[in-house]
Structure formats: structure tokens, C-alpha cells
Amino acid sequence: MDDEVIHNQDHIRLLDAVLMEPDKVPALVKENPYILEALNCCDETALHWLAVENNLDGVRLLRSLGANISEWAIHQAIEVGAMEMVILLLELGGEPSIDVCRKYITNKVWELKPKQKRLLISYLNQYGYEL
């Protein structure tokens, strides 16, 4: 079995545990700390996938165990309009690309509502990111 398949299986194993048996996740991570960075076929970690799905509790759990927050998890949360998730990711230490955030604010394809734009700009400013 190649490394990509194993990595994907680890991703699925962690994601299933977070979604169905969150109390078992700390032991799973202790057994294999690298599982936090296992990627799926779209190069997403479990935390990234949970961020896009707006699963706040899952993101909090994985971050508390040391999972990294990719800037793309933040960007894709913006894309889907999950402002509560974006705020959480910033609060948990995520660092977005400001150039990408600027593009999302002005993008007509992923049109954010005016309130979402104001909230995003406000939180980015609060965390020291000037748009």
C-alpha cells in the first residue's frame, strides 16, 4: 500500500473518531500524533475538513490536541460564508493570507453579504491584519 493511501486512511480514521467518538480522539492522537496532519485526497487535514463543514467543536478538539490551522482552511471557511468558523480559526491562532482575504471580499463569485464582509474585516483588523 502506498503512503498516500495510508495517509488517507489515517485521515478518515481521525475524522470518524472526531464525528462519532470524540472522547476517544485524545488517545488516538497520543498513539499516533502524525494523524493530525494526515491528508485526504483533496490535501485537507481533518481540521481543515471540519472547518469547511463548520464543525466548531471538532475544530476546537483537534486544535487543543495540537493540530495546525492551514491558511486555506480559513480561506475556504470564508468562501462558504462560515464567519463563526473564521472567527474561531483566528482566535485559535490561524493566520490567513491577507491578499487572498482581500480577493474574497471583492469576489463576485463568492459574494459575501455586507454583514459578513464587515464582520470579516473587523475580526481581521482585531487580529492585526489590515485590509
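Which residues in α4 meet which residues in α6? On the α4 side they are L56, V59 and R60, and they meet E84, M85, L88 and L89 in α6. "Meeting" here is contact, that is, heavy atoms within 4.5 Å. By class, this contact of α4 with α6 has five nonpolar, no polar and two charged residues. Nonpolar takes in Ala, Val, Leu, Ile, Met, Phe, Trp, Tyr, Cys and Pro; charged takes in Asp, Glu, Lys and Arg; the others, Gly among them, count as polar.

A quick word on ground rules. This is a predicted model, where local features need pLDDT of at least 70 and side-chain atom pairs count only at pLDDT 80 or more, while totals for chains, interfaces and linings use all residues. Residues are numbered from 1 along each chain as its sequence is written, and side-chain values use heavy atoms, with hydrogens and water left out.

Now step back to the whole chain. The protein chain has eight helices and zero strands, with helices (H or I, at least four residues) and strands (E, at least two) taken as DSSP runs and numbered from the N terminus. Its C-alpha trace spans about 45 × 25 × 25 Å along the principal axes. A compact globule of 131 residues would have a radius of gyration near 14 Å, and the 15 Å of the protein chain agrees with that. That radius is taken over C-alpha atoms, and the globule rule is 2.2 Å times the number of residues to the power 0.38. Among contacts between residues at least 6 apart in sequence, 62% join residues at least 24 apart.

How much of the chain is buried? Buried residues make up 44% of the 131 residues, where buried means under 20% relative accessible area, exposed over 50% and partly exposed in between (1.4 Å probe, protein chains only).

Seven of its nine residues are buried, so α6 is largely enclosed by the rest of the structure. Those seven are M83, M85, V86, I87, L88, L89 and L90, and they pack against α3 (46-52), α4, α5 (71-79) and α8 (114-126). Just after α6 comes G93, with a positive phi of about 100 degrees.

Back to the first pair. Helix α4 (residues 56-64) and helix α6 (residues 83-91) pack at an angle of about 15 degrees, with their axes 10 Å apart. That makes α4 roughly parallel to α6. Axes are lines fitted to C-alpha atoms, for helices over the stretch in contact, and angles run from 0 to 180 degrees between N-to-C directions. Angles under 35 degrees count as roughly parallel, over 145 as roughly antiparallel, 65 to 115 as roughly perpendicular and the rest as oblique. The buried residues of α4 are L56, G58, V59, L61 and L62, and α4 is followed by G66, whose phi is positive, near 105 degrees.

What about α5? Its axis comes within 8 Å of the α6 axis, and the two cross at roughly 160 degrees. So α5 and α6 are roughly antiparallel to each other. Here A73, I74, A77 and I78 in α5 meet M83, M85, V86 and L89 in α6. By class, that contact has eight nonpolar, no polar and no charged residues.

One last stop is H48, in helix α3. H48 counts as buried because its relative accessibility is 7%. Leaving aside neighbours within four places in sequence, H48 is in contact with S70, W72, A73 and Q76.
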